[in-house]
Amino acid sequence: MNDRGGARWRVDGAGVPEGGDFFFVSYSRTDDAYVARLIAFLGEQGVSAWHDREIPTGQRWQTVLRHCIEVCAGVVVVMSAAASASRWVAMEVSHAKLAGKPIFGLRLSEEPLPEVAGSLQIEDVRGQRMPSGPLLAYLRGSLTRRVPLRYAAGVVPDAAHCFQLRPVADRIDTELSGSGSVILMGGSARILSGLGGVGKTQLAAAVARRARNNAEVAILLWIIATSRTNVVAAYAAAGQRLAGADGDDVDAAAARFLEYLGNTRERWLIVLDDLGDPSALEGLWPPRTATGRVMVTTRRTDAALSTHGDVVPIDVFTPAEAHRFLVEKLAGHPSRGTDADVAGVAADLGYLPLALAQAAAYIVDLGITCEGYRRRFADRRRTMADLAPGSLPDDYRLPVAVSLSLSVDVADALRPVGVARPLLAALSVLDPNGLPVELLSTPAVLEHLAQHRSPAAPAAAAVDGDDARDALAALTRLSLAGAGAGRVTVHGLVQRSVRELTDAGTLADVIRADAQGLLDIWPEIERDPVLSQTLRDNTAALRRHGEDHLWQREAHPLLFRAGASLDTAGLAGAAVEYWGRLAARCTDLLGGDHPDTLTSRNDLANAYRSAGQLQRAIELSEQTLADRVRVLGNDHPDTLRSRNSLAMAYRSAGQLQRAIELCEQTLADRTRVLGEDDPYTLGSRNNLASVYMSAGRLQQAIALYEQTLADRMRILGEDHPNTLTSRNNLAIAYAATGRLDEAITLYEQTLADRTRILGEDHPNTLNSRNNLANAYAATGRLDEAITLHEQTVADMVRVLGSDHPVTLGSRNNLAYTYSSAGQPDRAVALHEAVLADRVRVLGPDHPAILYSRANLAGALASAGRTEQAIALYDATLADSMRLLGPGNVLTTTLASELAALRGPA
């Protein structure tokens with residue numbers, strides 16, 4: 001990396017800037033000499049600037065220059081006669097305006113300034129002068145006002161093709177800013193109210209993109225506000241991350257976040273998109289502060305909205321805006337017709353942006369004139385009215401329904417014939433913000449496409465993945481869907497129109513096909529948290545549009561997979577809420593003794609255990625086990641799973657003797673019922689060994705771990721994830737008994753194998769690196785241990801997030817190693833941070849909190865802060881007695897440490 005005037009740059013042959021603290025210089029190649037001097041001068045004055053030193057091309061504009069404009073702090077335009085004639089300069093200035101960038105003009109020549117100059121701040125530099133001191137100070141100030149984006153959540157939509165800079169957008173910007181920046185001054189919310197498809201979301205997204213790209217906010221939330229649950233969940237997640245909220249109570253965490261917003265001096269922006277019911281936000285409106293902003297998009301016009309902010313009506317395009325939009329969309333189309341024909345199309349479609357986009361795509365695809373489109377539109381409108389008199393919408397949705405019908409006909413007639421229509425139906429019940437493109441090639445979705453293929457299609461023609469992708473391309477071509485970066489999006493109003501035009505039986509088939517498809521693409525090992533969230537969001541969309549179709553004689557397996565995904569992600573509070581609702585739904589629809597009901601209750605008990613609600617976990621596990629014994633019998637595999645869950649709950653609560661007895665019984669029963677080599681039997685043996693470890697019965701644990709490892713290698717193979725887990729567990733046991741050389745050998749082998757098989761970023765790989773670092777520390781290789789721990793913590797934060805329980809555990813281990821290395825101050829500081837985060841994420845009574853407090857007390861003692869250490873040991877010992885009992889290993893260890901500290905006194 002090189003440093004030029006304070007900005008970070010990536011050397012890729014073109015010197016493209018990597019960071020955003022720079023000004024983009026727009027100029028004509030004719031003025032190269034002046035621009036080279038200008039760049040050097042600005043750098044000397046502490047203003048980082050960048051200009052493109054290559055001859056622009058269309059591809060370079062798309063991949064390099066647009067990106068640089070979007071991330072820069074502002075644009076400096078060198079204005080000359082050549083620049084006025086340059087289409088590249090015009091494109092750069094236009095895109096800078098669209099991105100909301102401050103633009104500064106330097107008048108270099110005597111010629112009259114171009115029209116665009118009227119909206120710029122101009123400084124006279126004729127005679128090849130350099131910018132003045134006041135302008136330099138302003139430019140430097142613009143850079144220092146930029147703030148790092150500390151927290152962002154939600155997906156801000158990209159700008160639509162031919163997005164219009166409408167006067168209402170200027171009004172919003174003016175109201176949101178008093179000094180040329182989007183988010184600087186606080187006040188009431190801006191509530192964009194209007195019909196579906198008029199562009200409310202695009203206007204709000206433009207503001208959010210500008211605030212993000214111009215580094216004007218530290219906190220940015222884009223929330224799909226279709227339900228109170230979505231808003232509360234988003235607030236709660238932010239509250240956990242930013243305000244130390246308890247993740248177990250989402251309502252309290254959400255309230256904590258709102259309180260945080262009211263007190264912070266950081267700049268923030270919250271966008272609540274597509275608010276369906278204003279009453280759902282009762283108690284959830286963000287506070288009015290000097291540094292915060294709120295934007296809401298909604299179709300509602302309730303008078304009560306005005307009590308929360310300024311309602312900005314968003315209407316359809318004006319005739320002039322609609323005309324300009326169509327002209328841009330139809331640019332280069334040789335037979336678009338007269339301006340009167342263009343205006344006629346706009347009027348027929350009610351100037352609705354969404355319908356205009358579909359019409360333009362239709363006209364271009366068929367190569368017809370605007371007049372030809374108008375005839376077809378009028379004919380289809382009459383036909384639809386004749387076929388379904390009184391059932392068509394009589395409001396703004398009619399243009400969308402008619403234009404949609406025309407466009408779907410065209411898409412469906414493209415190869416592969418008859419696939420686009422059922423594909424659009426499949427997309428209409430999923431998350432409009434994005435779904436994985438792989439879903440469209442799953443067997444269930446392909447079977448649906450084949451079964452509902454148009455009668456005009458070849459007889460009995462199967463549908464494969466290529467057909468689905470080609471049909472998606474047809475939908476994209478007709479502006480009915482969007483695709484890119486492995487995701488598919490569909491406008492919510494298009495989805496709604498499709499659902500209204502689809503019969504109930506087909507919709508039921510669609511929901512079940514999509515559910516099976518999501519289940520098929522859900523990875524067994526979840527490596528990508530973004531993909532996991534996308535899959536959970538699409539599952540939630542299916543439930544909104546027809547959850548009843550996912551319940552027949554049993555619950556669809558997808559409902560259980562979504563809950564398991566929350567468990568895997570470490571979202572303990574969300575998992576408790578999800579499993580609680582699913583268990584209640586199972587009870588209502590299937591009855592208390594149905595296998596799915598009992599399974600959901602077992603999963604809820606496991607979620608309680610992960611969230612540290614150990615008493616609730618034990619009570620529910622005991623009840624579920626009793627019910628499974630009664631309904632299924634002692635030897636049913638599900639009964640054995642419940643017994644295993646209860647044993648693990650006993651272990652977490654420190655009731656080790658009960659855990660040992662139950663694990664031994666479960667192992668014996670699984671061996672008898674399932675056989676010695678069954679994977680569940682091997683799992684039971686592993687669990688029993690872990691309980692032996694907790695109870696200090698290390699030799700018995702080692703014997704079981706060695707046997708389990710040998711059997712898993714024989715049955716599953718050396719590379720199976722469970723085999724690697726056994727090797728890791730055996731290494732832990734060796735380390736606990738002082739056999740550190742053997743432990744390190746196993747750790748290094750396991751790390752190499754997990755990296756090869758699972759990848760560097762898999763949670764189990766990261767766990768192996770953490771364990772190896774611990775072993776290095778135990779053998780005195782402290783420098784190696786600290787380096788490996790620090791690298792592992794950084795990777796865990798990147799992959800799992802800073803609040804994931806595994807990340808918190810790794811940070812705890814790093815702090816312990818600092819203490820071992822004679823760095824007590826660093827150890828205390830990190831232990832304090834980990835303790836605070838664990839309390840916030842896991843709750844005050846989670847067992848991990850006790851270990852963090854014990855570790856902090858030890859670090860305080862090592863730092864010579866004996867009185868603080870004794871006080872913390874005292875309080876932790878009392879809580880350990882209360883939560884885990886007097887016979888627990890941690891309780892006895894705490895008592896021993898406390899006695900050692902007090903002994904000399």
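1. Buried here means under 20% relative accessible area, exposed over 50%, and partly exposed in between, with a 1.4 Å probe and protein chains only. By that cut-off, α33 has T807, L808, G809, S810, R811, N812, N813, L814, A815, T817 and Y818 buried. Helices are DSSP runs of H or I with at least four residues, strands are runs of E with at least two, and both are numbered from the N terminus.

2. Quick provenance note: this is a predicted model, where local features need pLDDT of at least 70 and side-chain atom pairs count only at pLDDT 80 or more, while totals for chains, interfaces and linings use all residues. Residues are numbered from 1 along each chain as its sequence is written, and side-chain values use heavy atoms, leaving out hydrogens and water.

3. Back to α33, residues 805–820. Its 16 residues reach 23 Å from first C-alpha to last, close to the 22 Å expected; the expected span is 1.5 Å times one less than the number of residues. The cover over its buried residues includes α31 (763–778), α32 (782–800), α34 (824–842) and α35 (847–862), with contact meaning heavy atoms within 4.5 Å. After the helix comes G822, with a positive phi near 75°.

4. Now the open sheet: six strands in the order β8-β10-β11-β12-β9-β13, paired parallel. Two strands pair if DSSP finds at least two bridges between them. β8 (151–153) and β13 (309–313) are at the edges with a single partner strand each, so one side of each has no neighbour in the sheet. Strand to strand, the twist averages 15°.

5. β8 and β10 (219–224) run parallel and are joined by three bridges, and A152 sits opposite L220 in β10. Helix α8 (228–243) packs on this sheet, touching β8, β10 and β11 (268–275), and its direction makes about 155° with that of β10. For that angle, axes are lines fitted to C-alpha atoms, for helices over the stretch in contact, and angles run from 0 to 180 degrees between N-to-C directions.

6. Have a look at β5 (74–79) too, where six of six residues are buried. G74, V76 and V78 cover one side, and V75, V77 and M79 the other. S26 stands opposite V77, while I103 in β6 is the bridge partner of V75.

7. Finally, cysteines. Taking a disulfide as a pair of cysteine sulfur atoms within 2.5 Å, the count is zero. The sulfur of C68 is too far for a bond because the closest cysteine sulfur, in C72, is 8.1 Å away.
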